[in-house]
Amino acid sequence: MNPEAETLELLEWPRLAEQVAAFASTAAGRSRTLALPLAPALAISRDWLAETGELLGLDGVLDGGLSFDGVVDIGPLLLRCAKGGTAAGEPLLELAQTLAAARRLRRQIDDAELRPRTTALVAQLRTLPELEQRLRFCLEEGGRVADRASPPLAGLRRQLQGVRAERRERLQELLRRYAPLLQDTVIATRSDRPVLAVKAGAAAQLPGLVHDSSASGSTVFIEPQAVVGLGNRIRELEAQERELELAVLQELSALVGEQAEPLTQLQQVLVQLDAALARARYGAWLGAVRPELDADPEAAFELRDLRHPLLLWQQRRQGGQPVVPVSLTVSPQLRVVAITGPNTGGKTVTLKSLGLAALMARAGLYVPCSGTPRLPWCALVLADIGDEQSLQQNLSTFSGHIRRIARILEALAAPVQGASLVLLDEVGAGTDPQEGSALAAALLKHLADRARLTIATTHFGELKALKYGDPRFENASVGFDAETLAPTYRLQWGIPGRSNALAIARRLGLLEPVLQQAEAQLAPLAAGDVNQVIAGLEEERQRQQEAAEEAAALLARTELLHDELLLRWEQQQQQSAELQEQRRQQLERSIRQGQNEVRRIIRRLRQGDGRAARNTAELGESARQAGQRLRQLEQQHRSAPERREHQGWMPAVGDRVRVLSLGKAAEVLAIAADGRELTVRCGPMRLTLELAGIEGLHGEKPAPPPPPRVQVSGVTAVRGQGPAVRSERNTVDVRGLRVHEAEAAVEEHLRSSNGPVWVIHGIGTGKLKRGLRQWLTTVPYVERVADADQGDGGPGCSVIYLR
């Protein structure tokens, strides 16, 4: 028997293939996954893994997943049509549905950037829309040939429908005429001919053909002579109809036969996609991850938390025991790993898990591991697992093992492109322990020269010592809990294990006197035995493991405490900043409310009559002073913008800058020719500012341009491009108003101005002028106030220049 095929049976590969096939969507895909082929080369394995990954991602993002609805196995149809045969209507209609489904799948998959491998695969598809349209035109639901497929067929069917209607009318007339002779008024059918149920005694009174009689003999089923001719005509027309339908089906089958090659390729691509999707869904169900296959046959094996896929299936589908994972890390220098430990401890499961992992990666399946499993591409996976005893072939257990190992050595003699993995269970068992141990040691040394990796389970103490004489050997063991007398099923590297035969026998219920006598006989042999060394190493390893676990737990608690303290500090900082911001906003709201209240008082005073004005003069003065104090308070508590030193920065039109006098952001509208002034929009205001009056939003200071060579004197608008000449629009007359009334009028004018403002207040006692100028010193956007030129009013008029 081929050792590779034998290994697949030993590792239960067909059973795993059945589980993968359960996720296939089509019959052809299910047949492909039941075979679950192994890639003959590394490049093909990588392509299959890429297909699995791409369809796994697509299946997860599509609503309802990737659907193969409408796809059928068109292989038998293509075989018939390619040989010139005539297909039935239903398979031809299914072909049309498959073509439409293939076109839909191509649209869903096509994305060269996200899915390069499957996109290249579907790019080969020819979905033949003309053939699909022809099939759908000629065939109706259920595969019946449509009337529109052939004009002669349509005419014949109309004629056939008329003859059938005529026969039906004559039968109804006969039912009425011969009603007394009939047992039932229902038209029955015998041999596909219409008959009437006539009483046996009156059969002679109704001329016609007798087709049948009832079981009691009281009823005779007669086809009336009046419709026999019509029935014969219908038979003739039906035969002609079948001939015309056959002609249409022959035509359609010929069209399919002409496209046999692209349709065969389409079938292959759809099967390949369905198999890849089945692999993807199986991997997702297992919680498996994509393996990294190394082209170097000497590469390391890195499999963390590997779980046996068949045991996982049993756990999830049949409620089995939880699967204990094993981790294997085999460096490139290692060639042989000897696993020791008690029976029922998980040694054989470890062998099968590794073998299945190598096969799954080769077949394009994800591996049930944690992290990213890495392993070389294994061209050969050979195993000797289980009992080969055969009474028919006169083979003992030992003989069966030796014959299987001989076939393994023969397979290893041939050169292969890739790594070779050998799995041996209970090597050297079934014969004299001393001879079996010597044979096993020699075999493992031979395999160390021939195979990339050999994993062997054993109970021989001599094999445990090979590690200390050959660096290519390593020991591992399955854990055993001495307190519960039960295996832990965990793989431990670097330390050989004990068989614990007496402990297991005690757990399984062997009589205590027998066990005590065995222990008494074992005691003299135990002195200086390697098992004592192993026991000491296990105790030391246990202590080290406990210390490492305590250190890891302490580190985890420290990290949690650090994260908690950091989180609390960040929360405290955030709460402090939020509290300060809330207080500042509350103060600003209070200031604005006070200012609005002062304005309402001023408006009421302005609207009152003369007597009310005289009685409330003192109230108006108090309101003016309160407004000034509110503005001063607002200036004191306005948050200062963050200042940073940045040299060489110059704003451009459209940039966002911060106005220093207002502490607000503004947009640059224009920049003067000399670069020393710019016009900005700050909310509803349009301002003209000097370059030094702004900064960048991140604190950048503007670099002033070199001073101009020619100085031009005169009045310059410092707030926008407004006129620097007095006009009706930039002049406000406050003569006759009280100070607080004048303040409101001037403030309203200032907010809508984009240049100097002339305020006519007259000379009089000077109280109005002094009050206005005192108030203007508290307005943040006022740069200076001066008397107007003599022609504009002199001391009786003030000019307000804005920042």
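User: What counts as a cavity here, and which residues are its lining?

Analyst: A cavity is a set of grid points where a 1.4 Å probe fits but cannot get out, and lining residues have an atom within 4 Å of a point. Rolling a probe the size of a water molecule over the atoms shows where empty space is left. Keep in mind that this model is predicted.

User: Thanks! How many cavities of 30 Å³ or more does the search of the whole structure find?

Analyst: There are 4 of them.

User: Which residues line the second largest cavity?

Analyst: Its lining consists of Thr26, Ala28, Phe68, Val71, Val72, Asp73, Gln267, Leu270, Val271 and Asp274. Helix H11 gives the most, with 4 residues. By type, the lining has 6 nonpolar, 2 polar and 2 charged residues.

User: And what lines the largest cavity?

Analyst: Here you will find Arg32, Thr33, Leu36, Pro37, Trp48, Ala275, Arg279 and Ala363. Helix H3 (27–35) and helix H11 (260–286) each supply at least two residues of this lining. It divides into 5 nonpolar, 1 polar and 2 charged residues.

User: Let's look at one residue of H11, Gln272. Is Gln272 buried or exposed?

Analyst: Buried means under 20% relative accessible area. Gln272 has 17% relative accessibility, so it counts as buried.

User: What does Gln272 touch?

Analyst: Leaving aside residues up to four places away in sequence, Gln272 touches Arg32, Trp48, Glu51, Arg117 and Leu121. With Glu51, the side chains are joined by a polar contact of 2.8 Å.

Terms used. Residues numbered from 1 in each chain as written. Predicted model: local features only at pLDDT ≥ 70, side-chain atom pairs only at ≥ 80, totals over all residues. Heavy atoms only, no water. 1 Å grid on protein atoms, 1.4 Å probe; cavity = no way out; pocket = protein on both sides within 12 Å on 5 of 7 lines; lining within 4 Å. Points joined across faces, edges and corners; volume = space filled by probe spheres on them. Nonpolar A, V, L, I, M, F, W, Y, C, P; charged D, E, K, R; others polar. Buried < 20%, exposed > 50% of the residue type's maximum accessible area, 1.4 Å probe, protein only. Polar contact = N/O pair within 3.5 Å; in protein donor to acceptor, adjacent residues only side chain to side chain. Contact = heavy atoms within 4.5 Å.
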